[in-house]
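Thank you all for coming; I would like to take a few minutes to walk through one structure and its side-chain contacts. Please have a look at it first.

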Amino acid sequence: MLAKAISQVQLREWQQEINDISAEFRLTVTFSQINITDHRVQDICISQGADERTHKQHQISLLQHLCLIPAVTTSDSQNAKVYHQIIRDQQGYVLAALSFSSINHNLDKPELFQELTAIQTRIADMLSSAIRVYVQNLDLNIKHDQRVTHDVDVQAFIDAFDEHVWIKNPQGIYIACNKSVERAWRKSKEQIVGKTDFDLFDQRTAEQFIESDKLAVDIGSTVVVSECEEVDVNFNKVWLETIKAPVFNAQGELTGIIGMTRNIAKHKEAQDQLILAANVFQNAVEGVVITDSEGNITEVNQAFTDITGYSRAEVLGQNPRMLRSGRHPKSFFDKLWNTLLVQGKWHGEIWNRRKQGAIFPQAITISAVFDKQNIIQYYVAVFADISAQKQNEEKLKNLAYFDPLTQLPNRMQFMSLLEQEVNHSHRAKKQLAVVFLDIDFFKHINDSLGHVMGDEILVELAKRLSYALSEFDVLARLSGDEFVVMLPSIMGTDYVTSALDRIRSVFELPFILDNAQSVRLTASMGISIYPSDGDDHDSLLRNADAAMHRAKQYGRNNYAFYTESMTKQAIVQIKLQTALHQALINEDFYLVYQPKLALNDLSTCGFEALIRWHDPVLGNISPGEFIPIAEKIGLIWDIGLWVLRAACLQGVAWLTQGKSFERISVNVASLQLQRSDFVDKVRLILLETGLPAKHLELEVTESCMMNDPDAIIRDLKLFGAMGIALSIDDFGTGYSSLNYLKKLPIDKLKIDQSFVRDIPDEPNNTAIAKAVIALGHALNLQIIAEGVETQAQADFLRTNGCDFAQGFLYSKPRLPDALDDFLPLVGGDKS
């Protein structure tokens, strides 16, 4: 009957679709008409290429699935692996079925079928749904046997219910009840039937029951008369609902009242869950949209309205595409729907439009909800407005790549831009320049005016530089008062020089601060050019920095181009820095001592301790090379303490050996005197080594007085009070202040060897030496000359009243073991 009712055109279409599905998804599909009466299965369509064995197995499995033949259990359970979808008519009678199984190409193996995959099951459900809709709309005119017989009486009927069921006549007398009533009321049917409510219950309860009977009769239909929480026979709390309905005969006359009490605990629980879900739905922070299977909105929550601006009434029945911003291409939504249909869920970011027109980003999850037949019933979308998150991400990105004070690109951003431009210049065979700019003495600005004023100047400088440069140039702030400029696609050094002139013009006008104070600045600049001065972004910036430092060495307020020799010099300096750190650990330093002699009788009055360094790799390194580096990298403090300790230990060794000497002098760097704990360190070293203070002399330079002279004078007086002798080294070569000189608690002045070298032949040096000697004696100071190399120099100094001398004329600096001729024994001959 069914096969005849289906049009031939439709049959051909289904046959083609079944063949395509079978080939693409590796399925064997049979569409069969079923005759329940004679247990017969008739094929309507079957996928092309299905073998007879598979076809037969489909029919057997289908009959067993419908319980028309008994199921036979096999070792491999092949029947259970055939998937069936039954098609019924409007009255529920079975008409047809579709059967599916995965294709097994190796039929020699015992496993005829395999379980369907999720996608195969989805395809099977979709095909079955399409055929079911078509079949149920056919007018088949099938007449089913309507004859129905039963032998169920009323008592058996109501006893079959777990609910409490009872029946009263119009006079309120119980005429029937089921076993559940007997258990609940703890009375037998004989004790209930024939009685009224007043016979069974107290007056108040009976009146309530009679009143509810009257309510049901007055309304004329089923009514809920009570709902309450009680305790059952097992002393468990249960929710009970009582309903009553009047019973009328064919003439409309009241013949009785039927009542039923049922446990609605599950209903109550479900109701509570629904109330909870409704509250969560309405009070959720995220927006929620529910649509039908066609995508039309059926419900939204309050958060949806708060986020989008659309009310519930405005969007019901509408498609969510009304919110589209136009920012995403069609391909974006095609991919979204494909993912949603295949996987049942999609999560990502979408830019939508609010009612007022503003575009905003949202993080959204869309889920498809399926029924028991695996057909999509509706879609649920949950989304959150992430505008604030996007703004924070943008702020973090800005902090990562831009200087927060000047809003210029920072080092990371500049290096990225420079790397891109280097690659571009390499391809285009062009040059570019990097200008490293450092403000001269900017630390003095911060120290004198404060960092707030310093920041104001930096902001103003950034603006001026931006205006002075072209739109193609890149300006960045690296750190502190360091800026860098990239000049892309330069035509030669003339172009660079022109840009430098524009940059220098920025500093011609003073910087006016909020307090109307004006400040003038200068800058030192270093320039490196690609590709001659570096072929990558790191080397270009590094070499421009090196050139800037050379500009500072040339007197600041200047610029210098990079040269190869600067890089070599920097590499040597780095090697020395590394070796200095290791030398402290390995104790690669040692001391030599140069005797100091009295010019009147050439007796030894002391020794100057001089540091020497022999590196295992670099060899002997002059103090003139490593001392400035040690001061620059902060190692001079540790090295100075080592020298002082080693000299004191040597003095103790000589005294122990019975050798006589006045004092060992140790040079003190300016940075050492600036430390507040230097006096304590010297006192501690004397205590630890055991050298008497009367055998120690500290030599300080005039430059020590440049920083905080009052504090320096205080510390020097403390040394004098301890018995330590003090002398001014290299007098006349630095910052000479007679005002401070007269305040210093010093014992000696040392004439620098640069003045001794050319006497007595050079008139100026001769005059200076005489003046220093006279000045020193006027201040009651002893005078010592260093660098004495000739007898003529010694004679001149002796004649003009110089007290002591040291130099190669008498002895080069020697190791301690080579100084015996300058170290007489106590009480021995000193000649």
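I will go through the pocket, then one lysine, then the salt bridges.

This is a predicted model, in which local features need pLDDT of at least 70 and side-chain atom pairs count only at pLDDT 80 or more, while totals for chains, interfaces and linings use all residues. Residues are numbered from 1 along each chain as its sequence is written, and side-chain values use heavy atoms, with hydrogens and water left out.

The largest pocket has a volume of about 1200 Å³, where a pocket is, on a 1 Å grid over the protein atoms alone, an open set of points where a 1.4 Å probe fits, with protein on both sides within 12 Å along at least five of seven lines, and lining residues have an atom within 4 Å of a point. Of its 39 lining residues, Pro623, Ile627, Asn667, Asp729 and Asp730 are the closest to the centre. Among the elements that each supply at least two lining residues are helix H21 (623-633), helix H22 (636-656) and strand E27 (725-731), helices being DSSP runs of H or I with at least four residues and strands runs of E with at least two.

Is lysine 168, my next residue, buried or exposed? Lysine 168 counts as buried because its relative accessibility is 1%, the limits being under 20% for buried, over 50% for exposed and partly exposed in between, with a 1.4 Å probe and protein chains only. Lysine 168 is found in strand E5 (residues 164-168), and its contacts, meaning heavy atoms within 4.5 Å, include Asp197, Asp213 and Lys244, when residues up to four places away in sequence are not counted.

Turning to charge pairs, the structure holds 29 salt bridges, each a side-chain nitrogen of Lys or Arg within 4 Å of a carboxyl oxygen of Asp or Glu. Aspartate 385 forms one with arginine 354, the closest N and O atoms being 3.0 Å apart; aspartate 385 lies in strand E14 and arginine 354 in the loop between strands E12 and E13, 31 residues apart.

Lysine 596 and glutamate 697 meet in another, at 3.8 Å from N to O, and they sit 101 residues apart, in strand E22 and strand E26. Both lysine 596 and glutamate 697 are buried, and they belong to a network of salt bridges that also links Glu608, Glu699, Lys748, Lys750 and Glu786.

Conventions
Points joined across faces, edges and corners; volume = space filled by probe spheres on them.
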